[in-house]
Amino acid sequence: MKNSLLVFGLLIACLVVCPKTMAQDTEVTNEELTQYAQVTAKIDSLKGDMKAKISEAVKSNELMEGGKLYNQLNKAKGDEAKLAEIGASEEQLAAYAQIQEDITAFKAEFKTQYTAVVKDEIGAGTYNKVKKALKADAAVKSQYDEIVASLTTESEETEGEE
């Protein structure tokens, strides 16, 4: 009987203490939100750079007719009938394949940079904790939006001074 009372007491104590401990682990600080916002801005910049490289690879290739042929080939998705309808030459198909390889390389480079920024700037655990909190808690999202707005304002003021 004593053992079952002891186990019951421990269970009740755990139910009281554990949620508080878990709440402390999931609570997001202002500093973490600021770090997350800064990391997100860097990631957005990296993504913009990757998109610019992709666009340049497509548009600078004369065989892709400024991107028009690339888009047609991309929509065909390897469908032989659609490819025949487009009427692309072997040289154009080879150029398209090379651009696809370049895009894969650009995406791999972005993923490596993305991972490095998260790891070096905030840590994966904190990044994921904040990301999860932003989805789950409207108050945290509101606080985050205010931080982003203030960082954007600071960034614009800094650019204006240059």
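This note goes through a predicted model point by point, from the chain as a whole to one helix.

1. Basis. In this predicted model, local features need pLDDT of at least 70 and side-chain atom pairs count only at pLDDT 80 or more, while totals for chains, interfaces and linings use all residues. Residues are numbered from 1 along each chain as its sequence is written, and side-chain values use heavy atoms, with hydrogens and water left out.

2. Elements. The chain has seven helices and zero strands; helices (H or I, at least four residues) and strands (E, at least two) are DSSP runs, numbered from the N terminus.

3. Burial. Of the 162 residues, 24% count as buried, meaning under 20% relative accessible area, with exposed being over 50% and partly exposed in between (1.4 Å probe, protein chains only).

4. Leu33. Leaving aside residues up to four places away in sequence, Leu33 is in contact (heavy atoms within 4.5 Å) with Val28, Val130, Leu134, Val140, Gln143, Tyr144 and Ile147.

5. Helix H6. Tyr127, Val130, Ala133 and Leu134 are buried in H6. They lie on the same side of H6, because they cover an arc of only 135 degrees around the axis, taken from the directions from the helix axis to the C-beta atoms. Gly125, Lys132, Lys135 and Ala136, on the other side of H6, are exposed.
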